[in-house]
Amino acid sequence: MRPAASTGGANTASDPLFGGISGAYLGLLLAPPVLPVLERVGVTEAWALYLALVGTFAVVTTVTGWVLSGRPTVAVTLGATRARWSPVAIAAVYAAVGFASLGMSGVSGVLAFFFGLLAFLFGMAVAVMSQTRYTAAVTAGAEELTRWRASWPESAQRRRLYIGGAIAGVATVGFAIGAVFDIALLQYTSQVLFPSGFVLLSTGGTRTAVATENGLEIRLPVARRFYAWEELESYDLDAESLVITRKWGADLRFATAEIDDVSLAEWTLAERLSDD
């Protein structure tokens with residue numbers, strides 16, 4: 001649980017995008033179990049099962065989207081805690097259970113596996129969107145102390161490229177081997193692993209850091225993150241990089257040469273954090 005911070009600036013307008021994404025996430029999880037239920041009561045026609053699957057997804061998505069669209073505070077509350085990542089974990093377990101049941105449940109297991117993978121992606125979107133909405137709420141009206149725009153230090157970018165390239169390469173080779181020798185588990189595992197390497201390859205770009213009285217905000221092209229000062233432990237500045245150490249999680253790293261006013265950034269951090 002992150003330290004408490006005021007969200008008095010939360011937007012009270014409707015949020016149909018978050019509602020729609022959340023609805024699709026729940027729809028993907030709740031639609032596949034409908035099939036075995038119908039089969040147990042004697043419904044086996046393909047067209048009926050298909051309509052039930054699509055209909056369940058549509059109804060759950062619509063109802064959830066409508067409910068959450070008018071309650072934007074739900075996204076802010078979820079984004080304030082690490083529970084925002086629970087939809088991702090649930091979808092991963094869901095897909096794993098679906099894969100494990102392929103031999104016993106047939107089509108239902110296949111649908112559970114692939115719908116679980118899609119729900120994993122939608123769960124990631126829910127987590128990022130809720131975190132962005134929380135950041136917008138907690139920083140609204142906060143006094144800005146300074147800001148800087150910089151990418152990752154060169155050494156850190158190289159490490160991410162090496163690791164990301166290795167993961168993507170192993171996943172590609174694994175998928176090819178699985179396809180040639182018809183090893184389904186290897187193919188599925190490689191499909192899940194490849195996006196992780198791709199994410200590492202595509203990160204490391206320029207970010208904007210905004211220091212306010214409430215904490216430090218990191219602005220990315222499609223997301224915003226907020227760290228209260230209580231969540232940050234110390235900082236270290238040298239000619240290559242500015243490293244801000246978090247009490248939990250990965251450090252924040254910036255290329256020193258790209259920061260316009262290094263002195264002001266250092267003074268702001270020194271007033272609130274210890275200098276390693």
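**Briefing: helices and strands of a predicted model**

In strand β4, Ala228 is the bridge partner of Gly215. This is a predicted model, where local features need pLDDT of at least 70, side-chain atom pairs count only at pLDDT 80 or more, and totals for chains, interfaces and linings use all residues. Residues are numbered from 1 along each chain as its sequence is written, and side-chain values use heavy atoms, with hydrogens and water left out. Helices (H or I, at least four residues) and strands (E, at least two) are DSSP runs, numbered from the N terminus.

**Confidence**

- The mean pLDDT of the protein chain is 88; pLDDT is the predictor's confidence in each residue, from 0 to 100.
- In the chain, 92% of residues reach 70 or more.
- Among the elements, α1 has the highest mean pLDDT (97) and helix α9 (residues 184–202) the lowest (70).

**The β3–β4 hairpin**

- Strands β3 (residues 215–219) and β4 (residues 224–228) pair in the antiparallel sense over five bridges; two strands pair if DSSP finds at least two bridges between them.
- Four residues lie between β3 and β4 in this hairpin.

**The four-stranded sheet**

- An open sheet has four strands in the order β7-β6-β5-β8, with mixed pairing.
- β7 (252–255) and β8 (274–275) are at the edges with a single partner strand each, so one side of each has no neighbour in the sheet.
- Strand β6 (residues 241–246) and β7 run antiparallel, joined by four bridges.
- Val243 stands opposite Arg253 in β7.
- Helix α10 (residues 262–270) packs on the sheet and touches β5 (232–237) and β6. The direction of α10 makes about 150° with that of β5.

- Why does the span of α3 agree with its length? Helix α3 (residues 46–69) has 24 residues, which should span 34 Å at 1.5 Å a residue, and its end C-alpha atoms are 34 Å apart. The expected span is 1.5 Å times one less than the number of residues.
- The buried residues of α3 include Ala48, Leu53, Val60 and Leu68; buried means under 20% relative accessible area (1.4 Å probe, protein chains only).
- What covers the buried residues of α3 includes α1 (16–30), α2 (34–40), α4 (73–79) and α7 (107–139).
- α1 and α3 pack at about 145°, with axes 7 Å apart. Axes are lines fitted to C-alpha atoms, for helices over the stretch in contact, and angles run from 0 to 180 degrees between N-to-C directions.
- Residues making this contact include Phe18 and Leu26 of α1 and Phe57 and Thr64 of α3; contact means heavy atoms within 4.5 Å.

Technical notes:
Buried means under 20% relative accessible area, exposed over 50%, partly exposed in between (1.4 Å probe, protein chains only).
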